Amino acid sequence: MIPPAIQMTGIDKRFGAVHANRAVDLTVTKGTVHGLIGENGAGKSTLMSILYGFYAADAGSIAINGKPSLIRTPADAIHSGIGMVHQHFMLVETFTVVENVMLGAEGGVFTARGAAAVRSKLLELSQAYSMDVNPDAVVSDLAVGELQRVEILKALVKGADILILDEPTAVLTPTEVDNLFVLLRRLAGEGKTVIIVTHKLKEIMAVTDRVSVMRRGEMVGTVETAGTSPADLAELMVGRRVVLTVEKGAARPGDVMLAVEDLCVRDARGTLRLDHVSLTVKAGEIVGIAGVSGNGQSELLEAIAGIRKPSSGRVSLKGEALDCGGKDDPRTLRAKGLRHVPEDRHRMGLVKPFAAAESAMLGCSDEERFGRGLFLDRDLVMADCAAKMAAFDVRPADPGLRTALFSGGNQQKLVLAREIERDPQLLLIGQPTRGVDIGAIEFIHKRIIALRDAGKAILLVSTELDEVLALSDRVLVMCGGKITGERLPDQTSEQDMGLLMAGVTSEQPKEAA
Amino acid sequence: MSARPAPLWLIAGVVPLVNVAVAFLAAGLVIALIGENPLEALQIMLRGALGSQYGLGYTLYYTTSFIFTGLAVAVAFHAGHFNIGGEGQALMGGLGAALVALSLPFLPWPILLPLCVLGAALAGAAWVLIPAYLQAYRGSHIVITTIMFNFLAATLLVYLLVGPMKMAGSMAPETARFVPGATLPLMNQMAAWFGLTLTRTPLNLSFVFAILAAIMVWVLIWRTRLGYAIRTVGANPDAAVYAGISPARITVIALLISGGLAGLMATNEILGVQGRLINEFTAGAGFVGIAVALMGRGHPFGIVLAALLFGVLYQGGAELAFDKPKITREMIIVIQGFVILFAGALEMMFADRIASLYQRFAGQPVSA
């Protein structure tokens, strides 16, 4: 009998007070695609980091292909035939593909011989797995899907038999995801072993042979993919059944709250990031923006929120023209009833070293309710935050605790509480549930729907297509800074959306650009 | 998935103490190497700095300057900037005080003295205005520009003191004496008003100003809207933009406050002790302020304590050099260097180890 490619037994790891892995067992059969799922903080990244030698386990053993292995550093892991493709690509942008793959295998003082060896190996591998990559292309010119292939090739060239992919689809279009899955199946067919770490149930169902589920540092089960369903897996992940669809009634749209006309944004280099975007959002409706991240959604939100100055175009709120990024900065816009949940709460929405109470008044620190005149009243600030925490079930409900110590879901609830609670007329929400666990996702979705039903206008940006389709009353799709189409969520398909997200439009443009 | 953080008293209390202890240990080794008894040296230092009214007076006099320059560095730190130009801003503070004192000698002291203090603060702030503007709106690094402005301040002062501002008929690079109404009373003079007799030392009213400044900085940073904006800009400029706080504007404001505090250092030396403007009166206090702010972890209370430590080192070191000819003035600078190295630059070297020791002995809290 063939020994399993990976056998991890009794892996235990603590980080101070946090018990990240509790006696975890994981067995992965050679030549299969194995899924590893769990909520944020379930311990999957820790387990994979132990396997790849980033951390040493406190207890437990690892056997690779039946051979007990001591993996102390990533170099040990590579030596044992393990390769890892990180969520954030580890590539040198100004290098060519060959130069990137060669890193760590330069072969002496002069690189010519190493480069030649790597080049022939690259060609051999890309033929064997029909991966189409030009070895002399400069990495900064490549699309995201190609970058990922370079990462995979990098691991394979170093002799990996076992590939670990951490959240591999986060940045890909649906078509690129399909291509990746075909590649992964082909790799498994050739006898390679693939582990994919994700929290997307649909991908697990689509590509894996077997799936292991982690919850709170424990391995709660390994099942054959064919014999399970997304609902069963979700239940294993959170320990109870959750509603994956959002229950909501029909929208009752009122007057136009937000009108955007021909909005253009250029970045610091002068590149057009937002290309003549026009849209309206009415009171009592949720307009969703779908698209792969980096296609102008951030620029759109930031321009409307007054963070980024548009190069041309008009924005009006309740019929009043705004001078976004000029006279109207985020502060004055907030006073006019515009609230903004930023896409990246770590970068913008919170100040991580601050106490939760201080993060909970970001953008409102000038309001009279936090103190008199120039001064802030600590008791008022704390009490306000305690009220927000109670209303949004933020745990732990401790306003004095440092913001960074809250989980992603609780941080996001804090941001939502801050932005929703002041009765906004228009709410901009970017990535409402990125890095948020399933329990909190449900809570956040319900709050957004409740806000809509209270007659507020909501502009929602999410790269999770399911989320946009489930929450929105109308969906706009963005690609390359343009709106490529508008659909009603119940009258579209994933293929249709995928084409729009890739920039393929069936409609003729209204006017010549 | 980070470990539960160690309690504040451990990081803010025990860690600095361990750092200082290690610094003294290293300095003790050097003293032993040149053939002196380190314990005896330590005893002389402590007795010299704290063992008499005379010693204590000098210690607190040094401390006063370090509190001002330490606070100056700390305020800029909170806004995310490294104001390394305390030296130049303090020199200009002296110039500001001197210009007021020499040009308005006819004013009664209750008006003249506050104006002199204000002049010191405003001149210190003015000297950082250009670097602050360049940092905020042009992205020129504040470290580079303030270092250059230190040189500019030093040369400007030399030019003025050998030229336009030199006292007529004097050979020394210094101005004329200020009128008495433009100088701060010494501590022993103030004690005499209450019938107390203190040894005459350079310690003067500006020590009280320094303590008040520390309290005001604490209120500013942790209890005002402006302080909140300063900390937001320092901790996360993107979040500040999102909140509608202009990082450029806050940078300029925070650096002006920083420069003003550095300028106030001149109240100690110029208004308190010299009673005239002299050359190079800062004697490196601007740079010691960086070490003080680092060691005090940007907190006014910590800064007062760290300033006191450096005051002890300065005064005790002078006594030691006097008592032990083998231990020269340069040796004292070596000892101060060790304190800066271990307590400032290597501030966090032992922090992790101390924290993990604490966690082992305090027991494992319930896992989250």
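Predicted model: local features only at pLDDT ≥ 70, side-chain atom pairs only at ≥ 80, totals over all residues.

Student: OK, and how much of chain A is buried?
Tutor: Of its 513 residues, 51% are buried.

Student: What about charges, how far apart are the mean positions of the positive and negative ones?
Tutor: They sit 3 Å apart, with 59 positive and 66 negative charges in chain A.

Student: Switching to the fold: how many helices and strands does chain A have?
Tutor: There are 17 helices and 20 strands. Chain A has a radius of gyration of 25 Å, close to the 24 Å from the globule rule for 513 residues, so it is as compact as a globular protein of that length.

Student: And what does the C-alpha trace span along its principal axes?
Tutor: About 70 × 55 × 50 Å.

Student: What share of the contacts links residues 24 or more positions apart?
Tutor: That's 66%, counting contacts in chain A with a separation of 6 or more.

Student: Now confidence. What's the average pLDDT for chain A?
Tutor: The average is 87, and 96% of the residues score at least 70.

Student: Which elements are lowest and highest?
Tutor: Helix 8 of chain A (residues 230–238) is lowest with a mean of 77, while strand 18 of chain A (residues 457–461) is highest at 96. Separately, residues 508–513 of chain A have a pLDDT below 50, and that stretch makes zero contacts in the model beyond near neighbours in sequence.

Student: How should low-pLDDT coordinates be read?
Tutor: Not in detail, where pLDDT is low.

Definitions and conventions: Residues numbered from 1 in each chain as written. Chains lettered and ligands numbered in written order. Heavy atoms only, no water. Helix = DSSP H or I, 4+ residues; strand = E, 2+ residues; numbered from the N terminus. Rg over C-alpha atoms; globule rule 2.2 N^0.38 Å. Buried < 20%, exposed > 50% of the residue type's maximum accessible area, 1.4 Å probe, protein only. Contact = heavy atoms within 4.5 Å. Lys, Arg positive; Asp, Glu negative; His and termini not counted. Charge placed at Lys NZ, Arg CZ, Asp CG, Glu CD. pLDDT = per-residue confidence, 0-100.
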